[in-house]
Amino acid sequence: MKSEVAMNIFNRSITVSITTEDNKVATVNGIFLDSYQEMYLTLTVDLAVFKILTARRGFRRTPHEDCPGCESLIPNLAGLRFGPDIGKKITAAVGLEYGCAHLADLAKECYKSLFQAKLTIMRLTQTDEETKSATGKTSSGKLLSLPATKVKKSEEM
């Protein structure tokens, strides 16, 4: 007999939060949680140059016995500077043959979230005129114009 309620066979969520105490360094906390694994990532990022200063945390639950070994790759993210090729650099640092694709996914999601928070960061660290010049928005968020941005097909996430 078929149940009227569908059975949940898999869940996945990625959560990212970003904080700053001094508007100079941000702390990016990422959590990757699914039906099989749970991992955490904390990045400190220099907001002036969008460079990862430190990378730490690790795995709480893993589906395979070799997964915990990937924790040693997390510090490889330190020193990376956000830019057009950051996705490839993250994959090279923690993914590929001996890495973890899910750790790379979490690190990329942390980058995307920080990129999306960039306007808020600009408002905290720049004058209204500097922010308006760079984005076309005033500090109140009123949209004046949107500058064109070009996204490389290989860097879409």
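Let's start with Glu 71, which is partly exposed, with a relative accessible area of 28%. Keep in mind that this is a predicted model.

**Glu 71 and its surroundings**

- You'll find Glu 71 in the loop between β5 (59-61) and α1 (86-94).
- Leaving aside residues up to four places away in sequence, Glu 71 touches Arg 57, Gly 58 and Phe 59.
- Take Phe 59 from that list: it sits 12 residues from Glu 71 along the chain, and the C-alpha atoms of the two are separated by 6.9 Å.

**Helix α1 and its two faces**

- Which residues of α1 are buried? They are Ile 86, Gly 87, Ile 90, Ala 93 and Val 94.
- Look down the axis of α1 and its buried residues fall within an arc of 130 degrees, so they line one face of the helix.
- Part of what covers those buried residues is α2 (101-116).
- Just after α1 comes Leu 96, which takes a positive phi of about 60 degrees.

**Cysteines**

- How many disulfides are there? The count comes to 0.
- Cys 100 is in no disulfide: its nearest cysteine sulfur belongs to Cys 70 and is 5.2 Å away, while a disulfide needs the two sulfur atoms within 2.5 Å.
- Cys 100 is buried, with a relative accessible area of 8%.
- Cys 110 is buried too, its relative accessible area being 1%.

**Salt bridges**

- A search of the whole structure turns up 4 salt bridges, and here are some of them.
- Arg 12 pairs with Asp 34 in a salt bridge, with the closest N and O atoms 2.7 Å apart.
- Since Arg 12 lies in strand β1 and Asp 34 in strand β2 (residues 25-34), this pair ties together parts that are 22 residues apart in sequence.
- Glu 38 belongs to strand β3 (residues 38-46) and Arg 61 to strand β5, so the pair links parts 23 residues apart in sequence.
- In this pair Glu 38 is buried, at 17% relative accessible area, and Arg 61 is partly exposed, at 32%.
- Lys 112 and Glu 109 meet through their side chains in a salt bridge of 3.3 Å, N to O.
- Both Lys 112 and Glu 109 lie in helix α2, 3 residues apart, which is about one turn of the helix.
- Lys 112 is partly exposed at 24% relative accessibility, and Glu 109 is partly exposed with a relative accessible area of 26%.

**A nonpolar patch on the surface**

- Which residues form a nonpolar patch on the surface? Met 7, Ile 9, Phe 10 and Tyr 36 do, with about 500 Å² of accessible area together.
- Met 7 lies in the segment before β1 (12-20).
- Is Met 7 buried or exposed? Met 7 counts as exposed, because its relative accessibility is 69% and the cut-off for exposed is over 50%.

Conventions:
Residues numbered from 1 in each chain as written. Predicted model: local features only at pLDDT ≥ 70, side-chain atom pairs only at ≥ 80, totals over all residues. Heavy atoms only, no water. Patch = residues over 30% accessible without salt bridge, like charges linked within 9 Å, V, L, I, M, F, W, Y side chains within 5 Å. Areas by Shrake-Rupley, 256 points an atom, 1.4 Å probe, with all protein chains shown as cover. Helix = DSSP H or I, 4+ residues; strand = E, 2+ residues; numbered from the N terminus. Buried < 20%, exposed > 50% of the residue type's maximum accessible area, 1.4 Å probe, protein only. Contact = heavy atoms within 4.5 Å. Arc of directions from axis to C-beta.
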